[in-house]
Amino acid sequence: MISDTLTMIQGVQVLVCAPDGEKLRSEREALDLIGEAIQQGAEVILVPVERLDDDFFQLKTRLAGHIIQKFVTYRRHLVILGDISEHMAQSSTLKDFVYETNRGTQVWFLTDLQELTERLNRMQQGDLS
């Protein structure tokens, strides 16, 4: 198993979670991840979609909301990285949620690292659109 790694992207410390790590299934696991990020000085935590349980994408379970709230509370940016089009095709509510979330600066659903680099670049330039 590959471990999580710390990397610098656009001058921002990013904790990149390994795709084959333990799934993020609860608030407790989110807090553990946030603690690791704080300890390593990471502002952004990148979680590959493979690390998320299917329940995360079923908004009625409230798992996404509870996990995201922890990241907001501890002022760490959360990036969900990967293709979630299949989940969004099954739920217009999820599609709306992702759209609204991506408009902000705290949590982003992105498909690749290039998108993250572009977002961080825009954020540093003060362009939050």
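Biologist: Which residues does Glu36 touch, not counting residues up to four places away in sequence?

Modeller: This is a predicted model, in which local features need pLDDT of at least 70 and side-chain atom pairs count only at pLDDT 80 or more, whereas totals for chains, interfaces and linings use all residues. Residues are numbered from 1 along each chain as its sequence is written, and side-chain values use heavy atoms, with hydrogens and water left out. Glu36 is found in helix H1 (helices are DSSP runs of H or I with at least four residues, strands are runs of E with at least two, and both are numbered from the N terminus). Taking contact as heavy atoms within 4.5 Å, and setting aside residues up to four places away in sequence, the residues that Glu36 touches are Asp4 and Leu15.

Biologist: Is Glu36 buried, partly exposed or exposed, and at what relative accessible area?

Modeller: The classes are buried for under 20% relative accessible area, exposed for over 50% and partly exposed in between, using a 1.4 Å probe and protein chains only. Glu36 falls into the partly exposed class, because its relative accessible area is 25%.

Biologist: Which residue takes a positive phi in the hairpin of E1 and E2?

Modeller: Strand E1 (residues 5–9) and strand E2 (residues 12–16) pair in the antiparallel sense over five bridges, where pairing requires that DSSP find at least two bridges between two strands. Within that pairing, Met8 stands opposite Gln13 in E2. Two residues lie between the strands of this hairpin, and the residue with a positive phi, near 55 degrees, is Gln10.

Biologist: Which residues of helix H3 are buried, and over what arc around the axis do they lie?

Modeller: In H3, which covers residues 63–73, the buried residues are Leu63, Ala64, Ile67, Ile68 and Phe71. They sit on the same side of H3, because the arc that they cover around the axis is only 115 degrees, the arc being that of the directions from the helix axis to the C-beta atoms. An α-helix has 3.6 residues a turn, so residues three or four places apart point the same way. For H3, then, the residues are Leu63, Ala64, Ile67, Ile68 and Phe71, and the arc is 115 degrees.

Biologist: How many residues apart in sequence are the parts that the pair of Phe97 and Phe109 ties together?

Modeller: The structure holds two aromatic pairs, counted when the ring centres of Phe, Tyr or Trp (its six-membered ring) lie within 6.5 Å, with planes under 30 degrees apart called stacked, over 60 edge-to-face and the rest tilted. Phe56 and Phe57 form an edge-to-face pair at 5.3 Å centre to centre and 80 degrees between the planes. Phe97 and Phe109 also form an edge-to-face pair, at 6.2 Å and 70 degrees. Because Phe97 lies in helix H5 and Phe109 in strand E5, the separation in sequence of the parts tied together is twelve residues.

Biologist: Which residue in E5 does Leu81 stand opposite?

Modeller: E4 and E5 run parallel and are joined by four bridges. Both faces of E5 are covered, with Val107 and Phe109 buried on one side and Trp108 and Leu110 buried on the other. The residue in E5 opposite Leu81 is Leu110.
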